[in-house]
Amino acid sequence: MKLYDYVLSPSCYKVRLMAALAGVKLETRPVDFHPGAEHRGTELLALNPAGSIPILEDGDLILTESAAMLAYLAARAAPEWLGSGAPEEAARIQQWLSFAHRLTASLGGARLHEMLQRPGDIGALQAQGIAALRELEAGLVEQRLRGMRFLASDQPTVADIACFPYVALAPDGGIPLDPYPAIRLWSRAIRGLDNFIEMPGIHRLHELKPEPHVEPGEV
Ligand SMILES: N[C@@H](CCC(=O)N[C@@H](CS)C(=O)NCC(=O)O)C(=O)O
């Protein structure tokens with residue numbers, strides 16, 4: 001399975017992270033996204049006319065949307081990430097998978113502007129990003145009131161992986177996460193998962209584990 005990848009792309013990272021959490025080995029094919037804009041070159045446009053990355057190739061199967069790649073990896077190797085199948089939970093997963101596109105456009109757009117000097121109305125992008133973060137915060141608070149730590153249930157699903165990277169990197173676009181305690185708790189829960197992998201700007205949870213208590217004479 002080959003991933004057309006760029007290390008600083010949150011959308012590519014979603015797929016790398018899901019593969020690691022699902023125990024799937026990925027071959028990565030680095031793409032010169034910046035400054036080369038290779039994703040808009042002939043070879044990659046032939047694979048994805050939308051001119052975006054990631055692109056996932058598995059034999060004859062070519063996927064060009066990260067949400068589809070998360071679903072494919074989960075279906076192949078870790079179906080629990082697709083949820084229990086309960087109608088309400090399945091609906092919540094789809095709702096947050098659609099919502100993730102707004103995070104990509106707003107928080108992602110602000111980040112591209114601030115980091116790669118990509119033209120755009122940064123004020124509008126940040127305002128859209130803050131509006132989306134407020135909705136996410138409200139959704140997570142409601143889930144906590146239901147006794148659930150993640151977006152669709154008390155277990156993480158593809159919906160959490162679809163939304164997490166752009167939120168965790170919101171400060172790169174000039175949007176702090178301080179005002180959102182539920183989002184920060186959720187981010188800690190994801191960064192504390194077994195097999196979690198990092199990307200530049202997103203780090204595994206470093207818990208200051210208390211020193212193991214050793215009884216005198218035990219050593
Ligand atoms: N809807 C696509 C969007 C992915 C996306 O926005 N990728 C960025 C890189 S992080 C991209 O290729 N943007 C094209 C560009 O900005 O030139 C997905 O979720 O897979």
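**The ligand site between two domains**

Because domain 1 (2-80) and domain 2 (83-191) both give residues to the shell around the ligand, the ligand lies between them; the domain bounds come from an automatic or database assignment. This is a predicted model in which local features need pLDDT of at least 70 and side-chain atom pairs count only at pLDDT 80 or more, while totals for chains, interfaces and linings use all residues. Residues are numbered from 1 along each chain as its sequence is written, and side-chain values use heavy atoms, without hydrogens and water.

Reader: How many residues surround the ligand?

Author: A residue is counted as near if one of its heavy atoms lies within 4 Å of the molecule. The closest are His39, Arg40, Ile53, Glu65 and Ser66. The number of surrounding residues is 18.

Reader: At what distance from an oxygen atom of the ligand does a polar side-chain atom of serine 66 lie?

Author: A polar contact is a pair of N or O atoms within 3.5 Å. Histidine 39 places a polar side-chain atom 2.8 Å from a ligand oxygen, as does arginine 118 at 2.8 Å. For serine 66 the value is 2.7 Å.

Reader: What share of the ligand's accessible area does the protein cover?

Author: Accessible areas come from the Shrake-Rupley method with a 1.4 Å probe. On its own the ligand has 510 Å² of such area, and the protein covers 85%.

Key. A polar contact is a pair of N or O atoms within 3.5 Å; within protein, one must be able to donate a hydrogen and the other to accept it, and residues adjacent in sequence count only if both atoms are side-chain atoms.
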